[in-house]
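Reader: Hi! Could you walk me through this one?
Author: Happy to, here it is.

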Amino acid sequence: MEINDLEKKITQDLAVELADEFDRNFERKAFFTEKWASPKINNARGSVMNRSGNLRRSIKYSVRDGMILFSSSLPYASIHNEGGEITVTAQMKKYFWAMYYKAVGGITTKVDGGESKSKKNVKLTAEAAKWKGLALMKVGQKIKVEKRQMVGDHPQVAKIVKGVIDDNMELFNQELIKKFTR
């Protein structure tokens, strides 16, 4: 094995290992050991970062010039990874109203027409209130998005890098020993 081949193998092994660890962040609901912020109102559709699985599946890596680049084709990936603010648009308000009507439509009533006090209704009522609050926001108003990092630098990344390099160097050393002790 040549030195250039060793570098390529380390880079490729590292890319695969990091991609696997970054994917596990979605299972951990944390960036390694740093738990993601909880949503203000829980949603019946599941975890805020893994409802459809699109964000998780969108994270890809490429190796160029000895560098590993992680990216996502989804426009909202970076705001989740870094946190920040988004501006309410008219299109967003339409979506919020649609989600409000969807939540309200699932609320069951008693025979006398009053709202049932079932656990399902309580959850739906809270969800409907959240969507209504968002729908009533003015166009141009800001919504704060909490940082829920899934990709990036972390002390655990340094440990992974060291482990991959150590493993590959050990294999390289064993090949050198075999080559020169024949």
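Author: A word on confidence to begin with: pLDDT is the predictor's confidence in each residue, from 0 to 100. This is a predicted model, so local features need pLDDT of at least 70 and side-chain atom pairs count only at pLDDT 80 or more, while totals for chains, interfaces and linings use all residues. Residues are numbered from 1 along each chain as its sequence is written, and side-chain values use heavy atoms, with hydrogens and water left out.

Reader: Thanks! What does the protein chain average in pLDDT?
Author: The average is 87, and 86% of the residues score at least 70.

Reader: And which elements have the lowest and highest mean pLDDT?
Author: Helix 5 (residues 119–135) has the lowest, at 79, and strand 4 (residues 67–71) the highest, at 95. Helices (H or I, at least four residues) and strands (E, at least two) are DSSP runs, numbered from the N terminus.

Reader: How many helices and strands are there?
Author: Six helices and six strands, in the order α-β-β-α-β-β-α-β-α-α-β-α along the sequence.

Reader: Now the inside. How much of the protein chain is buried?
Author: Of its 182 residues, 30% are buried. Buried means under 20% relative accessible area, exposed over 50%, and partly exposed in between (1.4 Å probe, protein chains only).

Reader: Which residues touch the most other members of the largest nonpolar core?
Author: Phe22, Phe26 and Met150, in a core of 19 residues. Helix 1 (3–28) and helix 6 (155–180) are the elements that give it two or more residues, and helix 1 gives the most, with six. Another core lies apart from it, with ten residues including Phe96 and Met137. By nonpolar core I mean buried Ala, Val, Leu, Ile, Met, Phe, Trp, Tyr and Cys residues joined through side-chain atoms within 4.5 Å.

Reader: Why would they gather like that?
Author: In soluble globular proteins, nonpolar side chains tend to be buried together.

Reader: What is Met150 in contact with?
Author: Leaving aside neighbours within four places in sequence, its contacts (heavy atoms within 4.5 Å) include Phe22, Phe26, Trp36, Ile59 and His80.

Reader: Switching to Glu21: buried or exposed?
Author: Glu21 counts as buried because its relative accessibility is 11%. This residue lies in helix 1 and touches Arg28, Phe32 and Ile160, not counting residues up to four places away in sequence.

Reader: Last one: where does Tyr61 lie?
Author: In strand 3 (residues 60–64). Tyr61 counts as partly exposed because its relative accessibility is 31%.
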